[in-house]
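The sequence and structure come first.

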Amino acid sequence: MISLRFRRALLLALASVMLCAPQTVAAQTPPHPAASTSAATPDRPSYEVSLRSDTDGSHWTGRQTVSFRNSARTPLRSIDVRLWGNGTDGCGTPGAPSPVRVGRVTGGSPRPLTVGCTALQIDLPAPLPYGARASVSFDVDITVPDRVHRFGKDGAHRYLGNALPLLSVRDAQGRHLDPDVGFGESFYTLTGDFRVALDHPGALVVPATGTTMRRAGAPGRTVTTSIAHGVRDFAWAAGPFRSKTLTTPGGVQLNAYWTATTSPEGVAGDLKNAVGSVDAFGKRFGHYPYGELDLVMSDNLDDFGNMEFPGLVLLATEPEGSAVVHEIAHQWFYGIVGNDQFTSPWLDEAFAQYANLTYSGDDTTTCWEDAGAWPSDTAALTNSMGYYANGHRSEFVRVVYHRGSCALSDLERTLGAPAMTAMLREYVRDHWLGVSTTKDFQRAAQAATSQDLTSFWAEHRIH
C-alpha cells in the first residue's frame with residue numbers, strides 16, 4: 001500500500017500515518033497455539049459468490065460458498081473466516097452494525113465473532129482428514145461505510161476492498177487471527193479461485209478482480225461475473241466510472257476506470273506508467289498471470305492512500321505522479337509471492353518500493369544518508385505490525401518502505417545487478433502463488449553469491 005516517488009512517498013506517508021492516534025493490539029491479539037504440522041491449511045480454496053446491490057452500490061446481499069482442502073497431516077476440526085471489512089468499525093453499535101455481516105451458516109456451526117468482529121470460527125460437523133475437501137456456505141450482507149477509503153465511498157462511487165469474507169490460515173504458528181491495526185496491512189491468505197456474480201443497476205460500472213463478463217439481468221440491471229484463478233483476495237468497485245481499455249505490448253489487458261473529476265493528466269500518466277511497469281515487471285519477475293489488470297482512479301482517494309488487490313489497484317491520481325508503479329509491483333509481491341503481512345510487512349512493501357525505484361531509475365546510492373539513523377534501538381526491517389502498532393507507529397514508513405528499499409538496493413550492489421535480477425526471478429518462481437518468509441529470501445540471496453551475507457543481514461537488521 002501507498003508510496004509515491006521515493007522521498008515524496010516518505011514524507012506524505014509519514015504524514016498520513018501520524019493522522020491517527022497510536023493503537024495497541026496486545027489485548028486484541030489471540031495467542032498462536034502450538035500446531036503439530038507446518039503445512040498451511042486450509043488450502044486450495046474455491047469461492048462461489050452471488051451478490052445483489054441496491055440502487056447505488058452501497059448495499060450488497062447474497063450468498064457465499066467456500067470449499068477447501070485440509071493440507072495438514074492432522075484432522076481439521078474448524079476453520080476461521082476473516083471479515084476484514086469490519087477492521088475499522090469493529091462490532092459497531094445497535095444503530096450502526098458492522099459493515100460486513102454473515103448469517104445462516106451451513107456446513108458447520110459458527111461461534112461468536114472475535115477479534116473486533118473480524119474473525120468467525122466455524123466448527124466442522126466432523127474432523128476433516130488430510131487431503132479431503134469440505135465446504136461451508138453463508139449469507140453475506142455488506143454495507144459500504146460512508147467514508148473515503150478502500151472500503152468506502154467517494155461521491156457516487158463505491159469501493160469494496162477487503163469487503164468479501166476470506167479463509168484464514170493455520171500453520172506451525174497456529175491460527176492466524178491478528179487484528180487490523182488501522183494502517184498498513186495485516187492480511188495473510190492463500191491463493192484460490194473465485195467466481196463472483198454481481199447483480200447491479202445497469203447504470204453502474206463495476207470493475208472487479210479477474211476476467212469479467214457482463215450480461216443483461218432483470219429489467220434495468222446487469223450481472224457482472226468475474227472469474228479469477230490463483231488470487232488471495234477479491235475486490236470490486238461500483239459507480240458512474242469513465243473507462244478505457246488497452247493492451248500492453250506484453251499482452252496484458254489494462255482496464256482503466258476513473259471518476260469525472262479525476263484529472264486527465266493524472267489518468268494519462270497512470271496509464272503510461274502502468275503499461276510500462278506491468279511489462280517491465282513481467283520480464284523481470286515472471287509474466288503477469290491474471291490476464292486483466294484494472295486501474296481504479298480518483299483524485300479523492302489520497303485521503304487513505306493507494307491499495308493493491310489481485311488484478312485491481314485503487315489509485316489516488318495526481319498530475320505530478322501517483323503510486324501506480326508501486327501498487328502494480330504488489331501484484332508480484334504479496335499477489336504472486338505471498339507473505340504474512342502482519343508478521344513480515346517488509347516482504348511485500350519494501351520489495352514493491354524497491355521495484356518502483358529500480359523501474360523509475362532513481363539514484364539510491366545515498367538512500368541511507370537520506371534515511372538518517374535508525375529511529376530506535378529496537379527498529380528492524382523484520383519487525384511485525386504488532387511492533388509498529390504498539391508505540392512505534394512513527395517508524396513504520398521510514399523503516400519498512402525507505403530503509404527496506406535501501407537494503408534491497410544495497411543487496412543489488414553487493415550481488416551485482418545481473419545476479420540480483422536472476423536471484424529475484426528464481427525467488428519469485430520458487431514461491432509462485434505460494435508464501436515466502438524472511439528466511440526463504442535470505443536463503444535465496446545467499447545462494448546467489450559465494451560471499452557470506454551474515455554481516456549484511458546484521459547491518460540491515462534483517463533477522
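## Surroundings of N255

Beyond its neighbours within four places in sequence, N255 is in contact (heavy atoms within 4.5 Å) with K244, T245, E292, L293, D294 and L295. The model is predicted, so local features need pLDDT of at least 70 and side-chain atom pairs count only at pLDDT 80 or more, while totals for chains, interfaces and linings use all residues. Residues are numbered from 1 along each chain as its sequence is written, and side-chain values use heavy atoms, with hydrogens and water left out.

N255 sits in strand 20 (residues 253-258); helices (H or I, at least four residues) and strands (E, at least two) are DSSP runs numbered from the N terminus. With a relative accessibility of 3%, N255 counts as buried. Here buried means under 20% relative accessible area, exposed over 50%, and partly exposed in between, with a 1.4 Å probe and protein chains only. The side chains of N255 and D294 are joined by a polar contact of 2.8 Å. A polar contact is a pair of N or O atoms within 3.5 Å; within protein, one must be able to donate a hydrogen and the other to accept it, and residues adjacent in sequence count only if both atoms are side-chain atoms.

## Salt bridges

How many salt bridges does a search of the whole structure find? The search finds 16, a salt bridge being a side-chain nitrogen of Lys or Arg within 4 Å of a carboxyl oxygen of Asp or Glu.

| Pair | N to O distance |
|---|---|
| R63 and D139 | 2.8 Å |
| R150 and E185 | 3.2 Å |
| R284 and E412 | 3.7 Å |

R63 and D139 form a salt bridge. This pair links distant parts of the chain, with R63 in strand 2 (residues 59-69) and D139 in strand 9 (residues 133-143), 76 residues apart. R63 is partly exposed at a relative accessible area of 21%, and D139 is partly exposed at 25% relative accessibility.

The salt bridge between R150 and E185 joins two loops: R150 is between strand 9 and strand 10 (151-154), and E185 is between strand 14 (174-175) and strand 15 (192-201), 35 residues apart. Both R150 and E185 are buried.

In the salt bridge of R284 with E412, R284 belongs to helix 2 (residues 264-285) and E412 to helix 7 (residues 396-415), so the pair ties together parts 128 residues apart in sequence. R284 counts as buried at 15% relative accessibility, whereas E412 counts as partly exposed at 21%.

Finally, a network of salt bridges links R52, D199 and R221.
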